[in-house]
Structures are given as C-alpha cells and as structure tokens.
Amino acid sequence: MMKQRTIASPVKTVGIGLHSGRKVTIAIKPAPVNSGVQFVRVDTEQQSLVPATALAVCDTRLASVIQKDGVRVSTVEHLLSACAGLGLDNLLIELDGEEVPIMDGSAASFLFLIESAGIAEQDAPRQFVVIKKPVEVREGDKLARLEPFFGFKLDFTIDFKHPAVDKTGQRFVVDFAEHAYRSEIGRARTFGFAHEVEALREMGLARGGSLDNAIVLDEHRILNNEELRYEDEFVRHKILDAIGDLYLVGHPIVGAYIAEKSGHALNNALLRKLLEDPTSYEISTFAENKAPAAYSQENQPLFF
C-alpha cells in the first residue's frame with residue numbers, strides 16, 4: 001500500500017513576502033496522518049489552524065490566499081507545489097506573518113529546505129483524488145479543465161503577447177510518469193511587468209518583488225541579468241503555480257489538467273466545481289504495484 005508522507009524533522013528559514021515586502025520566518029514541521037497541510041500564524045493571538053484547502057481560498061489576486069476565522073495566509077502556491085512535487089501529505093507550517101516568503105520566486109528553495117529535513121513515511125494509506133469525468137470552467141478565452149487520466153499530466157498554454165515571451169514556448173506539456181518535477185518545473189520563477197509595478201504597489205501588492213525573486217520585463221525585454229533557467233520558463237512557472245493550486249484539493253490528483261491562459265482564480269473555480277459534484281471524482285488508495293507510474297515507488301526518482 002502506498003503510504004502517507006511527512007517530513008522527518010522540523011526546518012526553518014526566513015524570507016521576504018512578495019506582496020507584503022515584509023520579512024517572515026517560516027517553520028515546517030511534521031504532522032500526523034490524515035491532517036493534511038495546515039498553516040498557523042504564530043503572530044496572531046488565536047493561532048488558528050488554517051487548512052490548505054480549495055474551500056479556504058478567499059483571494060486570488062496574483063496569489064492563492066487561504067483564510068479561516070479571519071486569519072489569512074497568502075501566496076501558498078509555490079510551497080504547496082513543492083509539497084506536491086515531493087509527495088508530502090501532512091505538514092504543519094508556522095508563519096510569523098501573513099505571507100509565505102517568495103524565496104527566489106520558484107519552488108527550488110522549498111525543495112531544498114524540505115529535502116534537508118528528510119521525508120518520513122507514515123502508517124496510513126495515501127489517498128488520491130481520482131478524476132472520473134471531465135470538469136471544466138471557462139472565463140472568456142480562459143480555460144481550466146480536469147479529465148480522467150491514469151497518472152498526472154498538465155498541458156498549459158499561455159498568450160502574453162510580449163516580445164520576450166513570444167520568443168519562448170507558449171505551451172508546455174509535462175507527464176510525471178516521464179518527467180521530473182525538480183528538473184522540469186521546480187526552478188521556474190514567477191514573472192511580472194515593470195509597467196504594472198506602481199499600480200500593484202498602490203493595491204498593496206508586489207511590494208517585495210525584485211530582480212532577485214522574479215523575472216521582470218519592460219515593454220520589450222527581460223531586465224534580469226541572469227538568463228532564463230528554461231527556454232520556456234514563463235509557461236513552466238504557470239504549471240508550477242497550477243500544481244500548487246491543484247494541491248488545495250487536499251490530495252494528489254490522478255488525472256489530466258488542461259489550461260489556456262488560466263490563473264489562480266480559474267484554478268480555484270475548477271476545484272470548487274469538481275468538489276460540488278461527487279460523481280466527478282472518487283477518493284482512492286493504491287497498492288504499490290497498482291499505482292499510476294507518476295506516483296509509484298519505483299518511479300519516485302522521476303517525479304521527486
């Protein structure tokens with residue numbers, strides 16, 4: 001039987017919030033079976049547990065924000081993407097501020113941090129959300145869709161109509177039976193446009209953004225001195241985001257995700273539509289020799 005996983009020992013680091021611009025300490029700790037991923041704000045009086053679930057999402061402006069009892073935790077998607085890539089089911093994540101630190105703008109720092117803590121199997125079967133029939137949401141020319149597939153595959157298309165982005169791939173497909181999260185997705189950084197920064201900061205967003213934690217573009221080119229980490233890093237980062245957003249369903253997904261110009265809001269709408277229809281999915285466990293290749297033990301070096 002495939003078993004649930006947590007980390008072997010606590011780890012801690014300090015970083016800057018992308019949108020708040022404030023320094024925040026994050027501590028990632030082991031958690032018991034069937035507890036899922038939960039956040040706690042140690043800077044608040046009540047220190048309520050905020051579950052990383054789709055129904056807890058309260059804001060999707062440039063990040064996925066979750067909330068419970070008035071306590072918000074912002075920008076969870078990169079950390080949750082790393083958790084999905086490492087096959088983690090149960091974690092307690094402590095923050096002394098509202099926002100998960102942005103680190104270098106990708107999932108790479110979280111991968112390193114969690115791997116330094118070690119991975120521990122737990123004495124309970126791992127549960128999966130198995131997609132049983134197609135579920136789709138649209139908004140204008142934007143699309144997000146989940147459909148049955150015995151594995152985990154993502155197909156994402158972007159269309160930013162920018163000279164620097166046009167030079168790179170606008171579509172990327174990754175099947176985790178064949179590709180590794182760490183090498184193919186985990187290092188892709190978030191990106192933004194210089195002409196939007198002033199407006200975003202007036203909205204209380206992007207106050208911690210810099211060339212150290214994002215790819216920044218003016219009207220014609222990339223402003224960073226560092227070269228792109230992937231020739232199509234922009235669309236790969238959108239997949240990184242989507243993996244984190246989808247992990248808010250509470251379990252790893254067995255299915256295919258197809259998206260065109262999707263973002264946090266549409267991804268959350270997709271999960272909510274999925275959860276509203278109990279016939280569209282089932283919760284399953286797998287014996288090791290019956291698991292999809294993307295999640296099987298012998299294939300873990302590929303995914304992880």
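## Basis of the description

Helices are DSSP runs of type H or I with at least four residues, numbered from the N terminus. The model described here is predicted.

## The five-stranded sheet

Five strands form an open sheet with mixed pairing, in the order β2-β3-β9-β4-β5. Strands β2 (11-16) and β5 (49-51) each have a single partner strand and stand at the edges, so one side of each is left without a neighbour in the sheet. On average, neighbouring strands of this sheet are turned by 25° against each other, direction ignored.

Gln-38 has Pro-51 in β5 as its bridge partner. Helix α2 (residues 108-117) lies across β2 and β3 (23-30), and runs at about 165° to β2.

## The largest cavity

The count of cavities of 30 Å³ or more comes to two. The largest has a volume of about 80 Å³. Twelve residues line it, and the closest to its centre are Ala-84, Phe-152, Tyr-247, Pro-252 and Ile-253. By class, this lining has nine nonpolar, two polar and one charged residues.

Both domain 1 (3-126) and domain 2 (128-295) give residues to the lining of the largest cavity, so this cavity lies between them.

## The second largest cavity

The second largest cavity has a volume of about 30 Å³. Its lining consists of Val-57, Ser-64, Asp-245, Leu-248, His-264, Asn-267, Asn-268 and Leu-271. Helix α7 (residues 264-276) supplies the largest share of this lining, four residues. By class, the lining of the second largest cavity divides into three nonpolar, four polar and one charged residues.

Terms used:
Residues numbered from 1 in each chain as written. Predicted model: local features only at pLDDT ≥ 70, side-chain atom pairs only at ≥ 80, totals over all residues. Heavy atoms only, no water. Pairing = 2+ DSSP bridges. Helix = DSSP H or I, 4+ residues; strand = E, 2+ residues; numbered from the N terminus. Axes fitted to C-alpha atoms, helices over the stretch in contact; angles between N-to-C directions. Contact = heavy atoms within 4.5 Å. 1 Å grid on protein atoms, 1.4 Å probe; cavity = no way out; pocket = protein on both sides within 12 Å on 5 of 7 lines; lining within 4 Å. Points joined across faces, edges and corners; volume = space filled by probe spheres on them. Nonpolar A, V, L, I, M, F, W, Y, C, P; charged D, E, K, R; others polar. Domains from an automatic or database assignment.
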